[in-house]
Amino acid sequence: QYYLNLYNLWVQEQDEKAKEEYKKRIITEYFALSDYANKGEMGADILNFLSTYMNRAVTDCESILPEINKFMSELPQEIEAKKTTVKNFMSLIENKGCTKSKEYVMLVDTIIAIDPSVDAIIAKAKMQLSNGQTSAAISTFRDAIGMANNADEKSDIELEIANAHYRARNYQAAHNAGIAVTGKNSRAGYEIAARSVNAMMNDCGVTTSERKANNYYALELAERSGNSSLINSLRGQCPTSSDIFNADLSEGDQVTLGCWNKTYTFKAY
């Protein structure tokens with residue numbers, strides 16, 4: 001009740017200076033009350049309640065990082081309370097977009113040490129991605145696949161891997177990872193694969209018609225994804241009758257896509 005009242009005072013305050021003071025109190029009291037809740041073994045619900053209102057009031061991680069650093073030295077010993085506290089801190093930092101901070105690295109390492117779950121491993125992979133460590137992140141995601149509890153969880157992680165390759169412009173790897181996505185995200189995987197083939201078309205082929213022919217394969221993958229917008233876009237990038245004619249070819253002639261080891265018949269769109 002005290003913390004909620006403090007939050008309401010912050011909401012209602014019109015004076016900017018006074019409002020900033022309330023925000024500082026919200027941050028300070030969050031850590032003090034979390035400490036009381038932990039030591040009093042009040043349970044995860046109280047900690048989550050405090051985090052909810054803290055998160056509404058504090059929108060920049062710079063205000064909270066120093067406090068987290070100090071509070072981490074006095075984490076509760078009871079495992080569930082410790083996990084809840086660390087996860088709440090992680091959530092606060094994630095919501096502020098500050099996963100590159102050393103404090104977030106410390107929190108991830110802590111949660112993996114006390115709770116080496118799939119979620120914890122995924123959190124580490126996402127942290128590595130945010131720090132530009134794509135190869136390390138993908139390796140961590142692969143570790144998480146081995147710990148997946150069900151097919152849906154495995155599919156989510158597989159899609160994360162494909163997306164990581166694609167964002168890093170590792171298009172060949174993104175294509176391979178995309179078509180390897182199983183289960184509920186398989187369509188999204190095919191979409192990544194299609195976009196990867198399209199992204200590489202200028203590097204695959206000598207003539208314009210050969211390069212554009214890569215989109216025959218991209219189109220095939222897009223059709224498996226069911227993305228009608230992507231399908232229409234790729235169809236428009238396939239060889240035209242002029243492209244085929246200028247290459248001294250005819251519709252019905254075959255073309256082999258060197259990058260993908262696929263053979264298609266020329267067809268004008």
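This is a predicted model: local features need pLDDT of at least 70, side-chain atom pairs count only at pLDDT 80 or more; totals for chains, interfaces and linings use all residues.

**Notes on the model**

1. E223 lies in helix α12; helices (H or I, at least four residues) and strands (E, at least two) are DSSP runs, numbered from the N terminus. With a relative accessible area of 46%, E223 is partly exposed; buried means under 20% relative accessible area, exposed over 50%, and partly exposed in between (1.4 Å probe, protein chains only). The C-alpha atoms of E223 and E29 are separated by 55 Å, the two residues being 194 residues apart along the chain.

2. Residues are numbered from 1 along each chain as its sequence is written, and side-chain values use heavy atoms, with hydrogens and water left out.

3. Eight aromatic pairs are present in the structure. Rings of Phe, Tyr and Trp (its six-membered ring) pair if their centres lie within 6.5 Å; planes under 30 degrees apart count as stacked, over 60 as edge-to-face and the rest as tilted. The pair of F49 and Y53 is tilted, because the ring centres are 5.0 Å apart and the planes stand at 55°. Both residues belong to helix α3 (residues 44–57), where F49 and Y53 are four residues apart, about one turn of the helix. F49 is partly exposed at 34% relative accessible area, whereas Y53 is buried at 14%.

4. A second tilted pair is formed by Y216 and Y264, with 6.1 Å from centre to centre and 40° between the planes. Y216 lies in helix α12 (residues 208–225) and Y264 in strand β2 (residues 262–265), so this pair ties together parts that are 48 residues apart in sequence. Both Y216 and Y264 are buried.

5. K19 lies over the face of W10, 4.6 Å from the ring centre, and the charged end of R56 sits over the ring of Y53 at 4.8 Å from its centre. The criterion is that NZ of Lys or CZ of Arg is within 6 Å of the ring centre and within 35 degrees of the ring normal.

6. The count of salt bridges comes to nine, a salt bridge being a side-chain nitrogen of Lys or Arg within 4 Å of a carboxyl oxygen of Asp or Glu. K24 and E21 meet in one of them, at 3.7 Å from N to O. These two residues are three apart in helix α2 (residues 16–39), a separation of about one helical turn. K24 is partly exposed at 45% relative accessibility, and E21 is partly exposed at 41%.

7. Another salt bridge joins the side chains of K102 and E103 at 3.2 Å, N to O.

8. K184 forms a salt bridge with D156, with the closest N and O atoms 3.2 Å apart. K184 lies in the loop between α10 (171–179) and α11 (186–199) and D156 in helix α9 (residues 151–167), so the pair ties together parts that are 28 residues apart in sequence. D156 is partly exposed, at 34% relative accessible area.

9. Strand β1 (residues 254–257) runs antiparallel to β2 and is joined to it by four bridges; two strands pair if DSSP finds at least two bridges between them. The bridge partner of V255 in β2 is Y264, which also pairs with the ring of Y216. The two strands form a hairpin with four residues between them, and N261 in the turn has a positive phi of about 55°.

10. The largest pocket has a volume of about 210 Å³. On a 1 Å grid over the protein atoms alone, a pocket is an open set of points where a 1.4 Å probe fits, with protein on both sides within 12 Å along at least five of seven lines; lining residues have an atom within 4 Å of a point. Grid points are joined across faces, edges and corners, and a volume is the space filled by probe spheres set on the points. The lining of the largest pocket comprises 13 residues, of which M90, E94, D119, A120 and A123 lie nearest its centre. At least two lining residues come from each of α5 (79–95), α6 (102–114) and α7 (118–130), and α7 supplies the largest share, five residues.
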